[in-house]
Amino acid sequence: QVHLVESGGGLVQPGGSLRLSCATSGFTLDYYAIGWFRQAPGKEREGVSCISTRDGSIYYADSVKGRFTISINNAKNTLYLQMNSLKPEDTAVYYCATPCLSVAYWGQGTQVTVSS
């Protein structure tokens, strides 16, 4: 059974950094593309970043390019999202999900709040 468990969210000041983690189990991380989505209050859920170790491809939403970095530790079956230079508009619940293009599995989400 597939399980995705996010952690690492919290409250941070604008310009600060956070690293989100997604512990996975029940499937092979290097088979499916996996990524991060977010949903801000009153807005639709949007894709933030996705990675596929099968072909090395990585996707970033334009709004996070140059600030966020996605990575995988296959030995730990864990996905990460390093978020730097955070802005108030990055405030949202962040979800780990797979496969990226047609999501079948979601984590429970972790809240990220960027505020002074």
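Mentor: The largest pocket

The largest pocket has 14 lining residues, and nearest its centre lie Ser49, Cys50, Tyr59, Cys100 and Leu101. Strands E4 (34-39), E5 (46-52) and E6 (57-60) are the elements that each give two or more residues to this lining. E5 gives the most, with 6 residues. The lining divides into 10 nonpolar, 4 polar and no charged residues. Its volume is about 160 Å³.

Now the terms. On a 1 Å grid over the protein atoms alone, a pocket is an open set of points where a 1.4 Å probe fits, with protein on both sides within 12 Å along at least five of seven lines; lining residues have an atom within 4 Å of a point. The volume is the space filled by probe spheres set on the points. Strands are DSSP runs (E, at least two residues), numbered from the N terminus. Ala, Val, Leu, Ile, Met, Phe, Trp, Tyr, Cys and Pro count as nonpolar, Asp, Glu, Lys and Arg as charged, the others, including Gly, as polar.

This is a predicted model: local features need pLDDT of at least 70, side-chain atom pairs pLDDT 80 or more, while totals for chains, interfaces and linings use all residues. Residues are numbered from 1 along each chain, and side-chain values use heavy atoms, without hydrogens and water.

Next, the pairing. E4 pairs with E9 in the antiparallel sense over 5 bridges (pairing needs at least two DSSP bridges). Here Gln39 stands opposite Val93 in E9. Strand E9 (residues 92-98) has 6 of its 7 residues buried, so it is largely enclosed by the rest of the structure (buried: under 20% relative accessible area, 1.4 Å probe, protein chains only).

How values were computed: Helices (H or I, at least four residues) and strands (E, at least two) are DSSP runs, numbered from the N terminus. Buried means under 20% relative accessible area, exposed over 50%, partly exposed in between (1.4 Å probe, protein chains only).
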